[in-house]
Amino acid sequence: QVQLVESGGGLVQPGGSLRLSCAASGSIFTVNAMGWYRQAPGKQRELVATLTSGGSTNYADSVKGRFTISRDNASDTVYLQMNTLSPEDMAVYYCNADGYYGGSLRAFNLWGQGTHVNVSS
């Protein structure tokens, strides 16, 4: 079994910063891509940023230059540093990861429980 545990959400003023973390744990053999998505009230879930095990990144246009995704492969943890936050960034942020686990190398593609990011003065 594999699970993702997120942390780091909260309330921040416009222009402020937050750092989200997501740790994968369990009988992991390897984690391939890890990423962050977000869902605002009344809207569909959208990609924020992804990062492959090889270091390739992909960002939504709306966050380029403000958000940075990184990962610690040793601990299977992905981070999202969010700077210059605005009310448009308010959403529930979800971590996603895929890879293989267990002795029989079963594939997994999991979502975290979500963490709220509120941007308000």
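This is a predicted model: local features need pLDDT of at least 70, side-chain atom pairs count only at pLDDT 80 or more; totals for chains, interfaces and linings use all residues.
In which strand is alanine 97 found? Alanine 97 belongs to strand S9, which covers residues 91–101.

Alanine 97 counts as buried because its relative accessibility is 0%, and the cut-off for buried is under 20%. Leaving aside residues up to four places away in sequence, alanine 97 touches Leu4, Val31, Ala33, Met34, Phe108, Asn109 and Leu110. Glycine 55 stands 42 residues from alanine 97 along the chain, and the C-alpha atoms of the two are 14 Å apart.

In soluble globular proteins, nonpolar side chains tend to be buried together. Here the largest nonpolar core has 30 residues, and the members that touch the most others are Trp36, Val48, Phe67, Ile69, Leu80, Met82 and Tyr93. At least two residues of this core come from each of the strands S1 (2–7), S3 (18–26), S4 (28–39), S5 (46–51), S7 (67–72), S8 (77–82), S9 and S11 (115–119). Strand S9 gives the most, with 5 residues.

A disulfide is a covalent bond between the sulfur atoms of two cysteines. The model has 1 disulfide, and it joins cysteine 22 to cysteine 95 with an S to S distance of 2.1 Å. The pair links distant parts of the chain, with cysteine 22 in strand S3 and cysteine 95 in strand S9, 73 residues apart. Both cysteine 22 and cysteine 95 are buried. The torsion about their S-S bond is about -80°, so the disulfide is left-handed.

Arginine 71 lies in strand S7.

The side chain of arginine 71 does have polar partners. One of its polar atoms lies 2.6 Å from the backbone oxygen of asparagine 32. The side chain of arginine 71 also makes a polar contact of 2.7 Å with the side chain of asparagine 73. Not counting residues up to four places away in sequence, arginine 71 touches Val31, Asn32, Ala33, Met34, Leu51, Thr52, Ser53, Thr77, Val78 and Tyr79. Val31, Ala33 and Met34 are also among the residues that alanine 97 touches.

Methods
Residues are numbered from 1 along each chain as its sequence is written. Side-chain values use heavy atoms; hydrogens and water are left out. Helices (H or I, at least four residues) and strands (E, at least two) are DSSP runs, numbered from the N terminus. Buried means under 20% relative accessible area, exposed over 50%, partly exposed in between (1.4 Å probe, protein chains only). Contact means heavy atoms within 4.5 Å. A nonpolar core is a set of buried Ala, Val, Leu, Ile, Met, Phe, Trp, Tyr and Cys residues joined through side-chain atoms within 4.5 Å. A polar contact is a pair of N or O atoms within 3.5 Å; within protein, one must be able to donate a hydrogen and the other to accept it, and residues adjacent in sequence count only if both atoms are side-chain atoms. A disulfide is a pair of cysteine sulfur atoms within 2.5 Å.
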